[in-house]
Amino acid sequence: RQRRMLFEDLVTLCDLLIRNLEGRRVSLPVFFQKDLTPSLFSLLRFEGAKSEKFEKWHRNFWKDTGQYAPLSKEEMARIEEFWSELGSAGGEEEAGRLRFFSQYFAAAAERAKEAEKQNTRLCRSLGVCAGGVIALLLI
């Protein structure tokens with residue numbers, strides 16, 4: 001569940017960044033310090049951007065965030081790539097990069113949702129089997 005929520009948050013972040021690029025175009029420090037409200041995100045928190053120098057906060061953010069969910073090495077590498085290159089390109093190139101990552105994160109969220117369903121079915125089946133074993137033992 002945590003993985004799905006993290007990836008959904010990343011999709012939301014990408015969408016907000018794209019809107020910023022296409023609209024007001026505020027700088028990244030201003031965007032993270034003033035434009036993001038906690039109610040938009042399930043797991044991600046950006047409060048540190050308001051209290052530290054932006055460059056330091058930006059560098060350290062994923063070190064703290066990586067603990068939110070168990071991620072594969074590939075997923076973590078993609079997130080680190082997204083985060084480290086954020087704001088490095090201009091205009092249309094940056095929007096294209098954000099759209100790519102938004103699609104990647106949306107697909108990852110969908111995979112996590114499917115894994116949740118499988119785990120739920122497995123737990124339910126194990127519960128029924130355990131109940132059957134207990135019933136047999138009581139007979």
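Colleague: Where is L10 placed in this predicted model?

Modeller: L10 sits in helix α1, which spans residues 2-22. The model is predicted, as said.

Colleague: Why does L10 count as buried?

Modeller: The cut-off for buried is under 20% relative accessible area. L10 has 0% relative accessibility, so L10 counts as buried.

Colleague: What is L10 in contact with, leaving aside its neighbours within four places in sequence?

Modeller: L44, W62, I79, F82 and F105. Contact here means heavy atoms within 4.5 Å.

Colleague: How far apart are L10 and I79?

Modeller: Along the chain, 69 residues. Between their C-alpha atoms, 8.8 Å.

Colleague: D9 also interests me. What makes D9 count as buried?

Modeller: D9 lies in helix α1. Its relative accessibility is 3%. Buried means under 20%, so D9 counts as buried.

Colleague: Which residues does D9 contact, leaving aside neighbours within four places in sequence?

Modeller: F41, S42, L43 and L44. L44 is also on the contact list of L10.

Colleague: Then where does L44 lie, and why is L44 called buried?

Modeller: L44 lies in the loop between α2 and α3, the latter being residues 48-51. The relative accessible area of L44 is 1%. The limit for buried is under 20%, so L44 is buried.

Colleague: How far is L44 from L13?

Modeller: They are 31 residues apart in sequence. In space they are 9.3 Å apart, C-alpha to C-alpha.

Colleague: Which residues of helix α2 are buried?

Modeller: In α2, residues 28-35, the buried ones include L28, F31 and F32.

Colleague: How do you know on which side of α2 they are?

Modeller: They cover an arc of only 90 degrees around the axis, so they are on the same side of α2. There is a general rule behind such patterns. An α-helix has 3.6 residues a turn, so residues three or four places apart point the same way.

Colleague: Which residues touch the most other members of the largest nonpolar core?

Modeller: The core has 35 residues. L10, L13, F32, F46, F82, W83 and F105 touch the most other members. Helices α1, α2, α4 (54-65), α5 (73-85) and α6 each supply at least two residues of this core. The largest share comes from α1, with 11 residues.

Colleague: What makes F32 a link between two of your topics?

Modeller: F32 is buried in α2. F32 is also among the core residues that touch the most other members.

Colleague: What is the volume of the largest pocket?

Modeller: About 150 Å³. Of the 14 residues that line this pocket, N20, L21, V26, L28 and E94 are the closest to its centre. Two elements give two or more residues to the lining: α1 and α6 (91-138).

Colleague: How do the residues of that lining divide into nonpolar, polar and charged?

Modeller: They divide into 7 nonpolar, 5 polar and 2 charged.

Colleague: How many helices and strands does the protein have?

Modeller: The secondary structure comes to 6 helices and 0 strands. Along the sequence the pattern reads α-α-α-α-α-α.

Colleague: What percentage of the residues count as buried?

Modeller: Of the 139 residues, 35% count as buried.

Colleague: What share of contacts between residues at least 6 apart in sequence join residues at least 24 apart?

Modeller: The share is 60%.

Conventions:
Residues numbered from 1 in each chain as written. Predicted model: local features only at pLDDT ≥ 70, side-chain atom pairs only at ≥ 80, totals over all residues. Heavy atoms only, no water. Helix = DSSP H or I, 4+ residues; strand = E, 2+ residues; numbered from the N terminus. Buried < 20%, exposed > 50% of the residue type's maximum accessible area, 1.4 Å probe, protein only. 1 Å grid on protein atoms, 1.4 Å probe; cavity = no way out; pocket = protein on both sides within 12 Å on 5 of 7 lines; lining within 4 Å. Points joined across faces, edges and corners; volume = space filled by probe spheres on them. Nonpolar A, V, L, I, M, F, W, Y, C, P; charged D, E, K, R; others polar. Arc of directions from axis to C-beta. Core = buried A, V, L, I, M, F, W, Y, C linked by side-chain atoms within 4.5 Å.
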